Amino acid sequence: MHKNAQLLDIGCATGNLAIALAQKNYIVDAFDLDSEMIVQAKCKVKNNKINFASANMLNISTDYGQN
């Protein structure tokens, strides 16, 4: 594992994978098109280690593109 490695979970649903990765000390951004799934994911997390957002994967280059 690379220290402070950043990962993007596209289509995270209720966040199970993102949560597991964050528990292994990865920095995780996770998004899903369904905002209700994001609400459920946020409820599972006790801290703010994961940045959950409602977003469309078709906009990935705009939302997460490199400058």
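These are my notebook entries on a few residues that I looked up in a predicted model.

**Ground rules.** I number residues from 1 along each chain as its sequence is written, and I keep in mind that side-chain values use heavy atoms, with hydrogens and water left out. Since this is a predicted model, local features need pLDDT of at least 70 and side-chain atom pairs count only at pLDDT 80 or more, while totals for chains, interfaces and linings use all residues.

**Cysteines.** I looked for disulfides, meaning pairs of cysteine sulfur atoms within 2.5 Å, and found that the structure holds zero of them. C12 is in no disulfide, and the nearest cysteine sulfur, that of C43, is 13 Å away. C12 is buried, at a relative accessible area of 6%, whereas C43 is exposed, at 63%.

**T14.** I found T14 in the loop between β1 (6-10) and α1 (16-23), where helices (H or I, at least four residues) and strands (E, at least two) are DSSP runs numbered from the N terminus. T14 counts as buried, at 16% relative accessibility. Its side chain makes a polar contact with the side chain of K44 at 3.0 Å; such a contact is a pair of N or O atoms within 3.5 Å, and within protein one must be able to donate a hydrogen and the other to accept it, while residues adjacent in sequence count only if both atoms are side-chain atoms. Leaving out residues up to four places away in sequence, T14 touches M37, Q40, A41 and K44, where contact means heavy atoms within 4.5 Å.

**G15.** I placed G15 in the loop between β1 and α1 as well, and noted that G15 is buried, with a relative accessible area of 0%. With residues up to four places away in sequence not counted, G15 touches A41 and F52. I then looked up T62, which lies 47 residues from G15 along the chain, and the C-alpha atoms of the two are separated by 22 Å.

**M57.** My last entry concerns M57, which sits in the loop between β3 (50-54) and α3 (60-64). At 55% relative accessibility, M57 counts as exposed.

Technical notes: Buried < 20%, exposed > 50% of the residue type's maximum accessible area, 1.4 Å probe, protein only.
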